[in-house]
Amino acid sequence: MRALFHRYLNTSLILRVSIALVLGLAVGLIGGPQVADWLAPFGELLLRLLKFLIVPIVLFTLMVGVNQANIGSMGRVGQKLFGFYVLTSALAIVVGLVVASLFEPGSGMALDEDADINVPVNPGFVSVLLNVVPDNIFAAFTELNLLGIIFIAIVFGIALLKLRESEAHAELGEHLFKVVEALNEVTLKVMAGVLQYVPIGVFAIVAKTAGEHGMATILALGDMVLVLYIALAAHLFVYCILMRFYGVEVRAFFREARTPMATAFATQSSSGTLPLTLDAARRLGIPKRIYGFSLPLGATINMDGAAIRIAISAVFAANVVGVPLDLMTMAEIVLIGTLTSIGTAGVPGAGIVMIATVFAQVGLPIETVALLVSIDALVGMGATGLNVTGDLVGTAIVARSESKYPVDTAVEGAKPVG
């Protein structure tokens, strides 16, 4: 048993996760709901472990990152990131509309007018912005308000930087910075242990998802699922073009990005996958001052996969009711969908909120959302995987564009992305 355990630990993480995905799918489809219920606690444990790490990783990584940069560089990086998020979200919706228009998912299906769907209320863009500044620090931590935690980390990180630069308290600031650095290293050690459990948790989550939904659900709305994954693959190709354009080594990028991509696919949680995404960026040699800021922010507001889901769902709904979308309506979907994907950041049920908001604006029947609920998990898996990939792509591109500026030392043995 000991030899088998050591062999498990010495096998590459991505190979273990890949095997877990395949085995989980097979076990779930064969075993059905009974096996899904039995394995559910093992998957829940993985989600809890990953969420357990989010607060210390975001807080300490970002505070250390701020203290390895300067205010001017942070503002420059923030502008580049926001521009990337807006551009790729708009591109994602365009890609989704083009692919869906070619394959026409939903054609021939009938709308169930008695269908009932509970859509969470869209809080609005202003409310989301106000939520960035938490009225209670501890509530931001307990509620996993990522935008609020980012705000706290930046504010206290800047304060610590100013303390280190002051003549009167420089020594005190250095001591405090060493404590924060040590806490960050301790958190990374804990994360290294949690990573060993990831394949087991992924196996359980995939088996549970497959066991609950089965092949019948997949086949019932198979064209919708197929079209969505074609669009996701097309947008992934767009990422490759962008990375090549900016000089990012694509093969090296995907070698390290595979694990967070696969975990995001299984868990359907961008924020839950954040510890693995940060570790991948570290292994890619991306400066901590960049990935410590970009990845927590991206996990909250950058949702290219969700944007594609909006576009595919809109074409699907239009085909179901027999009213094809015209160019003006498509342009409206691009604009509203781009803003909505950022405006509903961190909202529970954000995918349904975004789809319902866009449908209401362009006059599509909200009842069609009910048709998509049965495949929500299958759609969400692919969308979340692309969301996390987009976060890492944006981080790598911004890091490459910042290469002419002084950066901190890359992780030992890491191969830089460019």
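Is E402 buried or exposed? With a relative accessibility of 0%, E402 counts as buried; here buried means under 20% relative accessible area, exposed means over 50%, and partly exposed lies in between, as found with a 1.4 Å probe on protein chains only. The structure is a predicted model, in which local features need pLDDT of at least 70 and side-chain atom pairs count only at pLDDT 80 or more, while totals for chains, interfaces and linings use all residues. Residues are numbered from 1 along each chain as its sequence is written, and side-chain values use heavy atoms, with hydrogens and water left out.

The surroundings of E402 can be described through its charged partners. A salt bridge is a side-chain nitrogen of Lys or Arg within 4 Å of a carboxyl oxygen of Asp or Glu, and a search of the whole structure finds seven of them. One joins the side chains of E402 and R76, at 2.8 Å from N to O. E402 lies in the segment after α17 (376–401) and R76 in helix α3 (residues 71–103), so this pair ties together parts that are 326 residues apart in sequence. Helices are DSSP runs of H or I with at least four residues, numbered from the N terminus. R76 is partly exposed, at 23% relative accessibility.

E402 also meets R289 in a salt bridge, with 3.9 Å from N to O. Because R289 belongs to helix α12 (residues 288–301) and E402 to the segment after α17, the pair connects parts 113 residues apart in sequence. R289 counts as buried, at 7% relative accessibility. Together with K80, the residues R76, R289 and E402 are linked in a network of salt bridges.

R48 is exposed at 55% relative accessibility, whereas E44 is partly exposed at 37%.

The largest one has 111 residues, of which L97, V202, F253, L325 and I333 touch the most other members. Neighbours within four places in sequence aside, I333 is in contact (heavy atoms within 4.5 Å) with residues including I93, L97, I310, L325 and V358.

Helix α12, which holds R289, also packs against helix α11 (residues 274–283), at an angle of about 145° and with the axes 10 Å apart. Axes are lines fitted to C-alpha atoms over the stretch in contact, and angles run from 0 to 180 degrees between N-to-C directions. On the α11 side the contact is made by L274, T277, L278, A281 and R282, and on the α12 side by Y291, L295, P296 and A299. These residues divide into seven nonpolar, one polar and one charged, where Ala, Val, Leu, Ile, Met, Phe, Trp, Tyr, Cys and Pro count as nonpolar, Asp, Glu, Lys and Arg as charged, and the others, Gly among them, as polar.

Note on methods: Core = buried A, V, L, I, M, F, W, Y, C linked by side-chain atoms within 4.5 Å. Helix = DSSP H or I, 4+ residues; strand = E, 2+ residues; numbered from the N terminus.
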